[in-house]
Amino acid sequence: MPLAPPPGLDRRVFLSSLLGAAAATAGLSGCAGSSSAASGSAADLSAPLADTVPAGTSLKIASYQNVQQLQFRLAKLPALPFTVSSWLNIGAGPDVINAFRAKSLDLADNAGIPPIQAHYQGFEAKIVAIDVTRKPNYLFATRPGSDIHTVADFKGKRLAFSQGQAQGVVLLRALKQAGLAYKEVKLVPLTSNQFLTALQSGQVDVAPLANNQAPAYLKQYGAKGARTIPTDVVDLLKLLWAPVSVLADRAKAAAVAAYIPHWARGLVWQWEHPDVWNREFYVKTQNLTLAQAEAVTKLANKPLFPPSWDEAIRWEQETADLLAEGGFVKKFKVDSLFDRRFESLAADAVPAQYRR
């Protein structure tokens with residue numbers, strides 16, 4: 001039978017995105033298969049992690065907007081015991097998956113949905129660290145001149161939807177909470193870096209934006225009728241993940257393990273020094289005013305690194321099931337997405353108040 005778009009998704013856009021994804025998969029599938037074969041079986045990830053990182057080991061790490069380097073520099077963390085051969089300025093889940101496939105990236109920082117999407121595409125990768133998010137990181141923004149004031153008003157409207165990113169699952173959870181079926185809205189497939197342009201041009205009526213994007217958007221379009229609609233919907237997981245081919249390499253796996261404490265301590269430092277972070281990141285690199293930066297920081301989540309991943313796995317399963325209900329992925333058990341050799345490393349690296 002021919003594939004049909006999920007309810008609410010425009011058929012032409014669905015077919016276009018499907019063809020594009022198929023072409024990308026066809027072009028890159030050889031990389032995925034060969035990387036797994038070259039580094040060992042995906043099933044052979046039970047070997048204990050090495051205590052030290054072998055000399056000459058390097059990793060290619062994602063650092064969207066250079067956040068990681070800035071955190072590490074400001075926090076004055078000790079040097080990493082391996083070489084970072086490149087810091088890649090990418091953050092969107094689809095971009096990360098493509099970089100993983102191309103072997104141009106070894107480790108990335110994302111939300112919970114990209115690993116699900118990678119699994120659906122047949123690419124093997126594992127979660128190696130988790131930061132639990134308790135407050136919403138996203139809110140919904142309307143196009144200029146919109147009459148939308150609540151999530152219930154989304155009925156019949158064009159909603160920006162990124163299937164492979166956190167924004168996508170936040171939207172699906174918000175629709176479910178409001179009792180809206182997918183067929184009652186029009187899901188417009190875009191990636192998150194297209195959301196602002198789509199709102200500005202009126203291509204969509206609503207798009208989920210990160211908290212730190214909203215001030216600048218409202219400053220430019222608030223007077224023209226644009227507004228934001230906060231909800232209590234959270235995307236629970238902020239995580240580090242890596243291709244199985246990387247984790248099957250004993251030296252690279254040791255480097256990943258060594259990186260996780262730095263990642264956790266960098267997040268803790270940022271939380272404990274909001275004034276410095278506001279000036280050095282939001283004002284100097286994101287062009288926000290100090291007042292806007294302070295407003296964003298007030299919405300920030302305290303970093304929490306669970307010693308046990310049980311809650312995270314339950315949440316990830318709920319997310320995968322929600323996507324499966326909409327016909328976006330096939331149902332599967334998410335336990336396979338977690339490499340529990342790394343489970344306690346982040347929590348062990350931070351003070352007790354950040355272990356939760």
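Q: Is aspartate 109 buried or exposed, going by its relative accessibility?

A: Buried means under 20% relative accessible area. In this predicted model, aspartate 109 has 17% relative accessibility, so it counts as buried.

Q: Which residue forms a salt bridge with aspartate 109?

A: To call a salt bridge, look for a side-chain nitrogen of Lys or Arg within 4 Å of a carboxyl oxygen of Asp or Glu. For aspartate 109 the partner is lysine 238, and the closest N and O atoms are 3.1 Å apart. Aspartate 109 belongs to strand S3 (residues 108-111) and lysine 238 to strand S10 (residues 237-243), so the bridge ties together parts that are 129 residues apart in sequence. Lysine 238 itself counts as partly exposed, at 25% relative accessibility.

Q: How many salt bridges does the count come to by this rule?

A: The count comes to 14 salt bridges. One of them joins aspartate 205 and arginine 158, with 3.0 Å between the closest N and O atoms. Aspartate 205 sits in the loop between helix H6 (195-201) and strand S8 (206-210), while arginine 158 is in strand S6 (residues 158-161), so this pair ties together parts 47 residues apart in sequence. Aspartate 205 is buried, with a relative accessible area of 6%, whereas arginine 158 is partly exposed at 28%.

Q: Which residue does arginine 173 pair with in a salt bridge?

A: Arginine 173 pairs with glutamate 318, and their closest N and O atoms are 3.9 Å apart. Arginine 173 lies in helix H5 (residues 166-177) and glutamate 318 in helix H12 (residues 310-325), so parts 145 residues apart in sequence are tied together. Arginine 173 counts as buried at 15% relative accessibility; glutamate 318 is partly exposed, with a relative accessible area of 44%.

Q: Which residues are linked in a network of salt bridges?

A: Lys60, Asp106 and Lys252 are linked in such a network.

Q: At roughly what angle do the axes of helix H9 and helix H10 cross?

A: Two packed helices are described by the angle between their axes and the distance between the axes. Here the axes of H9 (residues 250-272) and H10 (residues 274-283) cross at roughly 100° and come within 5 Å. That makes H9 roughly perpendicular to H10.

Q: Which residues of H9 and H10 meet?

A: From H9 come Trp269, Gln270, Trp271 and Glu272, and from H10 come Pro274, Val276 and Trp277. The residues of this contact divide into five nonpolar, one polar and one charged.

Q: How many of the eight residues of helix H4 are buried?

A: Six are, and H4 (residues 113-120) is mostly covered. The buried residues are Ile113, Pro114, Pro115, Ile116, Gln117 and Ala118. The elements that cover them include helix H3 (93-101), S3, strand S4 (125-132), H5, S10 and H12. Just after H4, glycine 122 takes a positive phi of about 85°.

Q: Where does pLDDT stay under 50?

A: pLDDT is the predictor's confidence in each residue, from 0 to 100. It stays under 50 over residues 1-43, for which the model has 44 contacts beyond four places in sequence. For the protein, the mean pLDDT is 87, and 88% of its residues reach 70 or more.

Notes. Residues are numbered from 1 along each chain as its sequence is written. This is a predicted model: local features need pLDDT of at least 70, side-chain atom pairs count only at pLDDT 80 or more; totals for chains, interfaces and linings use all residues. Side-chain values use heavy atoms; hydrogens and water are left out. Contact means heavy atoms within 4.5 Å. Helices (H or I, at least four residues) and strands (E, at least two) are DSSP runs, numbered from the N terminus. Buried means under 20% relative accessible area, exposed over 50%, partly exposed in between (1.4 Å probe, protein chains only). Axes are lines fitted to C-alpha atoms, for helices over the stretch in contact, and angles run from 0 to 180 degrees between N-to-C directions. Angles under 35 degrees count as roughly parallel, over 145 as roughly antiparallel, 65 to 115 as roughly perpendicular and the rest as oblique. Ala, Val, Leu, Ile, Met, Phe, Trp, Tyr, Cys and Pro count as nonpolar, Asp, Glu, Lys and Arg as charged, and the others, Gly among them, as polar.
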